[in-house]
Amino acid sequence: MLIVRRRAGQAVLIGDLVEIHVLEIAPGRVKLGVVAPREIPVLRAEVKLTRETNLAAAQGVPAEKLAELVRRLRGEAPRRRAAAPGAAGEPSEQP
Amino acid sequence: MQFCTRHFGTIEYDPEAVFEFPAGLPGFEDQHRFLALRQPNIEPIVFLQSLDRPDLCFITLPVQTIEPGYRLAISAEDLRLLGLPEDRQPEMGRQVLCLAIVAVAEGRPPTANLLAPVVLNLENRRAVQAILSDSPYSHRHPLPGGGEEDTVCSSCGAGPARRS
């Protein structure tokens with residue numbers, strides 16, 4: 001990783017097309033301005049993390065893991081019963 | 001209305017129960033319509049079933065069941081998408097339902113994304129996965145089920161127990 005020290009008002013250039021400006025520095029946070037062409041998406045890293053976790057979550061959860069999770073959340077003792085998409089019956093309620 | 005899902009078979013639903021995600025969800029930007037489904041036998045889990053993709057169903061938990069003191073910090077942009085006033089956070093439970101998407105990976109404890117709750121506006125049925133700004137929460141918040149929270153006492157071998 002390249003590490004650069006910058007002050008408020010200074011900038012970093014990435015190639016010819018991307019500029020990152022340090023606009024404001026406050027205790028614990030920094031305000032950045034990004035200049036980039038439209039075709040280069042600029043995202044907060046949390047968006048990427050959420051995309052990755054969403055894609056992983058969409059793979060589904062094995063029935064026995066889900067049943068185990070429900071038992072733990074309810075504070076019940078382990079028992080052999082599976083309930084999950086696939087194993088579950090008709091959904092009954094729509095909030 | 002009827003919809004054929006992969007996990008639940010054909011389900012009957014009220015069109016008024018559909019939640020509209022104007023921006024989709026990160027990774028699923030083209031998915032705009034979901035149903036929130038509950039089943040008494042596996043409360044408190046809420047399934048978020050896509051009405052565009054029969055095989056897409058997220059497993060979620062209301063955030064308060066994971067973190068009772070959960071605090072929302074929805075961005076102005078997301079509040080606008082939800083059709084809510086931008087000057088204050090909505091009231092969880094009454095105005096909005098906040099669900100954390102659960103992921104279970106092999107060999108790891110299940111986790112929930114508390115950093116980016118799915119916020120459902122119960123009044124106008126609009127919804128968004130709100131990536132909270134300045135949030136103390138993780139996108140991989142560990143859930144019970146990994147076995148760590150009830151490991152036995154290493155010195156005496158006793159599990160969590162009450163003194164008699």
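This report describes the two chains of a predicted model and the contact between them.

## Basis of the model

In this predicted model, local features need pLDDT of at least 70 and side-chain atom pairs count only at pLDDT 80 or more, while totals for chains, interfaces and linings use all residues. Residues are numbered from 1 along each chain as its sequence is written, and chains are lettered from A and ligands numbered from 1 in the order in which they are written.

## Chain A

Chain A contains two helices and three strands, where helices (H or I, at least four residues) and strands (E, at least two) are DSSP runs numbered from the N terminus. Along the sequence its pattern is β-β-β-α-α.

Of its 95 residues, 16% are buried, that is, with 20 or more other C-beta atoms, placed from the backbone, within 10 Å of their own. Among contacts in chain A (C-beta atoms, placed from the backbone, within 7 Å) between residues at least 6 apart in sequence, 4% join residues at least 24 apart.

## Chain B

Chain B has two helices and eleven strands, in the order β-β-β-β-β-β-α-α-β-β-β-β-β. Of its 164 residues, 38% count as buried. For contacts in chain B with a separation of 6 or more, 48% come from residues 24 or more positions apart.

## The contact between the chains

Chain A gives 30 residues to the contact and chain B gives 43 residues. On the side of chain A that touches chain B, the elements giving two or more residues are helix H1 (45-57) and helix H2 (63-74) of chain A. H1(A) supplies the largest share of that side, ten residues.

By class, this side of chain A has 16 nonpolar, six polar and eight charged residues. Nonpolar covers Ala, Val, Leu, Ile, Met, Phe, Trp, Tyr, Cys and Pro, charged covers Asp, Glu, Lys and Arg, and the others, Gly among them, count as polar.

How values were computed: Two residues are in contact if their C-beta atoms, placed from the backbone, lie within 7 Å. A residue is buried if 20 or more other C-beta atoms lie within 10 Å of its own, exposed if 12 or fewer, and partly exposed in between; C-beta atoms are placed from the backbone.
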